Amino acid sequence: MTDLNAHLPVLQVVVPMLLAPLVVLLRPRGLAWAAATAGSLMAFFIAVNLAGAVLGGAEVRYELGGWAAPYGIALGVDSFSALLLLIVTGASSAALLAARRSIDDAIESDRQPLFYTAWLLALAGLAGIVVSADAFNIFVFMEISSLASYILVAGGPDRRALPAVFKYLVMGTIGATFYLIGVGLVYMMTGTLNLADMELRIHEVADQRPILVAAGFITVGLALKAAVFPLHVWLPNAYTFAPHAVTAFLAACATKVALYVLMRFDFIVFQQNLAGHEVQFAAFLMPLAVLAILVGSAVALFERNLKRLLAYSSVAQIGYILLGASMVSVAGLSAGILHMFNHAFAKGALFLAVMCLATRFAGLDLDRLAGAARTMPWTMAALVLAGLSLIGVPGTAGFVSKWYLVTAALNEGLPGLLLVAVVVAGSLMAVVYVWRIVEAAWFATPAANEEVPGAAVTGEAPLPMLVVTWAVALGNVFFGLFTGVQRELAERAAGVLLGGLP
Amino acid sequence: MELLGLYHYWVFAVLLMIGFYAVVAKVNLVKKLIGLSLFQSAVFLLYITMGKVTGGTAPIFQDGNVDALFSNPLPQVLILTAIVVGISTTALGLGIVVRIKEEYGSIEEHEIQERDRR
């Protein structure tokens with residue numbers, strides 16, 4: 001028996017990836033779901049183990065096939081990737097555990113094995129991006145996860161998902177190709193694809209123009225993938241018309257993984273080697289982050305569809321994460337990374353609650369949700385709890401990361417005050433749009449409610465769905481009160497990213 | 001003649017922009033995909049030309065051909081992977097276009113938008 005612990009980084013990818021083709025064969029009803037869920041839980045278990053190892057101070061590196069790093073393909077897990085792995089595998093597991101009924105409703109049973117295959121491939125791709133220590137492998141995994149998530153988004157019964165996914169495919173491919181151009185230019189100048197190696201060699205050629213162009217291509221391409229304002233236009237429709245389970249999975253982690261690569265590339269490879277890179281990075285991304293927060297929240301104020309409202313709120317939340325990163329300080333970065341973790345909980349719980357609602361309410365327009373609180377009190381309570389975390393009410397996870405964000409902004413001196421004002425304005429707008437949901441569900445008089453045909457007339461969502469939704473919603477409270485583990489990981493991650501910088 | 005000497009970069013840039021233009025400007029979804037394909041192919045050329053060493057041959061050790069000047073094979077290997085990715089993207093995109101045609105009866109962007117508004 002070989003020691004499996006040493007192989008955890010590669011198993012993180014291999015388990016879901018090899019399970020994917022097997023799931024195609026699992027025709028009997030429910031078996032594909034069971035296998036996909038088991039695979040996802042196993043990936044989560046691996047991620048927890050890796051996070052434990054990283055917290056214990058271990059440096060997790062893995063050389064594929066035993067070939068040493070600059071020539072072979074290396075995988076590496078540090079505290080930043082460990083945190084992201086937890087988010088990705090956790091979101092996938094929670095969504096799968098809850099989603100069985102929802103997916104049964106959305107997808108015919110003979111297509112379900114294919115759907116779960118795409119799901120596992122998306123999971124493998126996202127996990128692969130995070131464990132890769134090699135720029136080209138990141139590209140390949142990015143495309144695996146993207147192609148699989150196009151299929152997932154298009155999988156639902158709503159035909160409007162198709163134009164949405166076409167737009168997502170075109171913009172996603174352009175983003176990935178930009179990244180590929182950037183990596184090509186860096187390879188041309190340095191002759192290496194290994195990120196750690198790149199960091200060492202790039203300073204010799206850092207004053208040459210191709211490197212600057214490469215930094216631009218990589219940053220813009222990944223910003224497209226991460227739906228950074230104003231490159232977010234693919235996101236709202238893709239999230240709105242996707243099957244509910246897919247939205248819960250992807251909204252919690254897909255854009256964050258792209259942001260992860262963006263931060264990793266910009267901070268580890270370029271930051272210390274390019275003169276003035278931090279100023280350019282901040283000057284380019286900080287205004288976009290501020291605009292994302294303001295515009296995303298403002299559009300969410302006026303959205304009439306619940307899922308689209310939450311999607312625009314996601315655009316704003318990406319802004320918060322980026323705002324933390326664009327301060328280029330340890331405090332700002334760790335606040336941004338912490339917000340990744342906390343937002344995954346808030347948005348995951350919200351979209352899971354939406355999935356519960358969708359079992360009883362056909363349209364998810366706010367004015368059709370009248371009386372939802374009376375028929376589904378537990379679902380709505382979970383939704384509000386997660387909404388409070390989205391706003392950043394003290395005692396919830398959202399508060400912790402916004403608190404750190406504000407503290408970091410105050411360190412920036414006078415312009416920091418403006419940033420604080422932006423964060424507060426965004427949070428106030430979040431109060432309003434969460435209140436609109438509350439108002440629709442509690443205070444509007446139920447007109448002629450359109451129930452899903454065939455569903456029970458009254459009553460709650462199916463129990464497993466509700467239990468998972470509540471577990472994730474309570475996670476918001478738990479991580480709002482006990483901030484130890486994720487803050488430790490986020491702060492170490494910020495330390496890793498900024499290297500020697502104060 | 002320095003500008004002409006870098007002609008492969010010109011080919012790359014021009015192809016890239018032609019593809020990008022088609023993606024942005026065309027309303028027909030299939031034409032958009034053609035543009036996307038061109039856009040990706042341009043990048044393949046960038047990679048392959050960068051690996052070429054003037055006077056270099058294919059890196060195959062054969063018949064004492066050990067000390068010869070070799071071209072860099074790595075970009076070609078990378079691009080082999082990227083071509084596979086590109087083909088899958090195009091195939092998936094075309095599949096989505098077929099589904100759009102089935103559902104909407106059109107593959108023109110503005111007509112699809114109109115049909116959803118109704």
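Student: How many residues of chain A are in contact with chain B?

Tutor: This is a predicted model. In it, 26 residues of chain A are in contact with 35 residues of chain B.

Student: And which residues in chain A lose the most area to chain B?

Tutor: Those are A:Arg159, A:Phe166 and A:Tyr187. Together they account for 24% of what the chain A side buries.

Student: What area do the two chains bury between them, and how much of it is on carbon and sulfur?

Tutor: About 2800 Å² is buried between chain A and chain B. Carbon and sulfur atoms carry 83% of that.

Student: Okay, chain A by itself. What is its secondary structure?

Tutor: Chain A has 19 helices and two strands. Its radius of gyration is 22 Å, close to the 23 Å from the globule rule for 502 residues, so chain A is as compact as a globular protein of that length. Along the principal axes, the C-alpha atoms fill a box of roughly 70 × 60 × 40 Å.

Student: What share of chain A counts as buried?

Tutor: 64% of the 502 residues. As for contacts in chain A between residues at least 6 apart in sequence, 80% join residues at least 24 apart. The accessible surface of chain A is about 17400 Å², with 68% of it belonging to carbon and sulfur atoms.

Student: Switching to chain B. Which pattern does it follow along the sequence?

Tutor: The pattern of chain B is α-α-α-α-α. That comes to five helices and zero strands.

Student: What is the radius of gyration of chain B, against a compact globule of 118 residues?

Tutor: Chain B has 20 Å, whereas a compact globule of 118 residues would be near 13 Å. The C-alpha trace of chain B spans about 70 × 35 × 15 Å along its principal axes.

Student: And what share of chain B counts as buried?

Tutor: In chain B, 33% of the 118 residues count as buried. Of its contacts between residues at least 6 apart in sequence, 46% join residues at least 24 apart. The accessible surface of chain B is about 7100 Å², and 66% of that belongs to carbon and sulfur atoms.

Student: Now the backbone. Where is the cis peptide bond?

Tutor: It runs from A:Phe229 to A:Pro230, with omega near 0°. A:Pro230 sits in the loop between helix H8 (209-225) and helix H9 (235-241) of chain A. Most peptide bonds are trans.

Student: What about A:Ala227, is its phi positive or negative?

Tutor: Positive, about 60°, although A:Ala227 is not a glycine. A:Ala227 also lies in the loop between H8 and H9. Most residues other than glycine have a negative phi.

Student: Is A:Ala227 buried or exposed?

Tutor: A:Ala227 counts as buried, because its relative accessibility is 0%.

Student: And what is the phi of A:Val328?

Tutor: It is near 50°, a positive value in a residue other than glycine. A:Val328 is in the loop between helix H12 (306-326) and helix H13 (330-358) of chain A. Its relative accessibility is 11%, so A:Val328 counts as buried, the cut-off being under 20%.

Student: Last one: where is A:Pro70?

Tutor: A:Pro70 lies in the loop between strand S1 (60-63) and strand S2 (74-77) of chain A. At 44% relative accessibility, A:Pro70 counts as partly exposed. A:Pro70 and A:Asp134 are 64 residues apart in sequence, and their C-alpha atoms are 9.4 Å apart in space.

Terms used
Residues are numbered from 1 along each chain as its sequence is written. Chains are lettered from A and ligands numbered from 1 in the order in which they are written. This is a predicted model: local features need pLDDT of at least 70, side-chain atom pairs count only at pLDDT 80 or more; totals for chains, interfaces and linings use all residues. Side-chain values use heavy atoms; hydrogens and water are left out. Helices (H or I, at least four residues) and strands (E, at least two) are DSSP runs, numbered from the N terminus. The radius of gyration is taken over C-alpha atoms; the globule rule is 2.2 Å times the number of residues to the power 0.38. Buried means under 20% relative accessible area, exposed over 50%, partly exposed in between (1.4 Å probe, protein chains only). Contact means heavy atoms within 4.5 Å. Accessible areas come from the Shrake-Rupley method with a 1.4 Å probe; for residues, only the protein chains shown count as cover. Buried area is the accessible area (1.4 Å probe) that two parts lose on being put together, summed over both.
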